[in-house]
Amino acid sequence: MIERLQISYLRNLTQINLSSAACNVIIGANGSGKTSLLEAIFLLSRGKSFRHHQPKRYIQHHQNTVTVHAKLNDASTLAIQKQADATTVLRLNQTTVYNQSILTEQLPTLLIDPSTMDMLEQGSASRRQLLDWLVFHMKQGFHPQWVAYQRLLKQRNSLLKKTRHLTQVQLAELKSWDKGLSSHAALIHHYRERIFAEWQPYFADSVAELLPSYAEQLSLSYNAGYDTSIALDVQLNERLEQDLQLGYTRIGNHRADIHVHWRSDDSVEMSDKQPETTPEAEIHNKRPVLKEQAANVLSRGEKKLLITALRLSQLPLLLNTTKNAEVSGNSLQPRNTPVVLLDDITAELDDRAIKILLSTLSQLPCQVFMTSLTDDIVPLVLELWSEPNVFHVKQGQVFFDS
C-alpha cells in the first residue's frame with residue numbers, strides 16, 4: 001500500500017507530496033488535476049500513462065522530465081522518471097532496475113475509468129490485457145514467456161513487411177522463429193487457460209451482484225487466437241503465403257480474446273409434434289437460442305455494469321489465491337496490496353452500482369484512490385472506511401481535508 005506519494009511535473013501537478021490512507025477521495029473540477037494523480041500512480045506501476053503513450057504529452061510544459069516516487073507501507077520505495085524522448089529511469093529501494101515488470105509486481109494497479117467503458121466494442125487488445133493482468137500477477141512464469149514471444153513476433157512481422165518473397169536464408173530464419181513462437185505460445189496459452197478457468201466463478205459472482213436479472217444469461221469465453229490442438233509453427237507455415245501478402249502474422253497469442261456472451265432463456269420448438277411429458281423429452285423437443293455477444297443486447301448502462309463486474313471480479317481472485325497459497329504453504333509469492341484507481345465513477349455508474357462497488361472494495365485488502373467532481377460520494381465512503389483521506393484539487397494544488 002502506498003503511504004506517501006510524490007509527483008514532479010506531471011501535467012499541471014508541479015510538486016505534490018501527500019500521505020495516503022486505505023481509501024483516498026480526490027475531489028476537483030474538470031481540469032483541476034485530480035485524474036493526473038491517478039495517472040501518476042498508474043505511470044509508476046505500468047511505466048506508461050492510461051491517457052497518452054507519449055511522455056511529452058504529459059510532462060509539464062517547459063520541463064524535461066516527470067518523476068513519480070512512492071513509499072510503501074513495508075518501507076520499500078519505488079520511483080520512475082520519464083524524459084520527453086521516452087528515456088526511462090526506474091528505481092526500487094534507491095537501486096536502479098532495468099525492467100518495468102519489477103515495479104509492476106511491487107505495485108499492482110487496477111484501473112476503472114471512463115475510457116475502459118467501451119472495451120466490449122473495441123478491439124481485442126483491451127480485453128486480452130484484462131486477462132493478462134491477472135496472469136502476470138498470479139503466474140510467475142508467464143511474463144518471461146510473453147516477452148520472448150513478443151520479441152520473436154516483432155522480428156517476424158518486420159521480415160514480413162520487408163518482402164513478399166523470401167530467400168532460402170530468410171525462410172530458414174523465419175522457421176526458426178516460428179519454432180520459438182510455438183514453444184512460447186503453448187506455455188502462454190496454458191497460463192491463460194488456467195487463470196481464465198479460476199476467474200469465471202468470480203465473474204459470475206460479480207454479475208450476480210451488479211446485474212442480478214442477467215446472472216443466468218451472461219458467460220465468459222476465452223479464445224486463444226489460434227487452434228491450440230495443432231502446434232503454432234505448423235499453422236504459421238500453412239499460412240505463410242497469406243501472411244507475406246498482408247505483411248503481418250494473423251494468428252497466435254497476440255490475437256487472443258475474451259468474449260462476454262448473452263444466452264436467452266427462451267427456447268424454440270423443433271417440430272409441431274405433440275411433445276412428450278418427460279424432462280428428457282423436453283430437452284430433445286426444444287433447442288436453446290444460440291449465444292450472441294452481450295454488447296449487442298445490453299444497454300449502455302448495463303454494459304458499464306458488466307465491465308465493472310469484469311474488473312471487480314479480478315481482485316477477490318487475486319487476493320483469495322494469495323490467501324490459499326499461504327495456507328497451503330506452496331511456493332506462490334505473497335502479493336503486494338493491489339491499488340484500485342477509480343476515475344469519476346459517479347459519472348459512469350448509478351447509485352446502486354457505486355454502493356456495491358465501494359462496499360466490495362471496502363471488504364478487500366486493497367487500497368483505493370477515487371476521483372469525483374463533487375463531495376457527494378464522501379458520506380458513503382465514511383460509512384464504509386473508518387479513516388479515509390479526502391483531498392481537494394484546485395489548479396494543480398492538492399489540499400488535505402482534515
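**Close-up views of a predicted model**

**View 1. Strand β10 and its partner β13.** In β13, W262 has E292 as its bridge partner. The strands β10 (residues 257-262) and β13 run antiparallel and are joined by two bridges; two strands count as paired if DSSP finds at least two bridges between them. Strands (E, at least two residues) and helices (H or I, at least four) are DSSP runs numbered from the N terminus. The open sheet here has three strands in the order β9-β10-β13, with antiparallel pairing. Its edge strands, each pairing on one side only, are β9 (218-223) and β13 (292-293). The model is predicted: local features need pLDDT of at least 70 and side-chain atom pairs count only at pLDDT 80 or more, while totals for chains, interfaces and linings use all residues. Residues are numbered from 1 along each chain as its sequence is written, and side-chain values use heavy atoms, with hydrogens and water left out.

**View 2. Helix α6 with the sheet and with helix α4.** Helix α6 (residues 168-210) lies across β9 and β10, at about 170° to β9. Axes are lines fitted to C-alpha atoms, for helices over the stretch in contact, and angles run from 0 to 180 degrees between N-to-C directions. Helix α4 (residues 124-138) packs against α6 at an angle of about 100°, with the axes 9 Å apart. This makes α4 roughly perpendicular to α6, a term for angles of 65 to 115 degrees. Residues of α4 including L131, L134 and M138 meet residues of α6 including I195, F196 and W199; contact means heavy atoms within 4.5 Å.

**View 3. The loop between β3 and α1.** N30 lies in the loop between β3 (23-28) and α1 (34-46), and S32 lies in that loop as well. N30 is exposed, with a relative accessible area of 63%, whereas S32 is buried, at 5%; buried means under 20% relative accessible area and exposed over 50% (1.4 Å probe, protein chains only). S32 touches N12, V393, K394, Q395 and G396, not counting residues up to four places away in sequence. In an unreviewed UniProt entry, the annotation "binding site" covers residues including N30 and S32; such annotations may be inferred rather than shown by experiment.

**View 4. Strand β16 between its partners.** Strand β16 (residues 389-394) pairs with β3 in the parallel sense over five bridges, and N389 of β16 is the bridge partner of N24. With strand β17 (residues 397-401), β16 pairs in the antiparallel sense over five bridges. H392 stands opposite F399 in β17. The hairpin of β16 and β17 has two residues between the strands, and Q395 takes a positive phi near 50° there.

Key
Angles under 35 degrees count as roughly parallel, over 145 as roughly antiparallel, 65 to 115 as roughly perpendicular and the rest as oblique.
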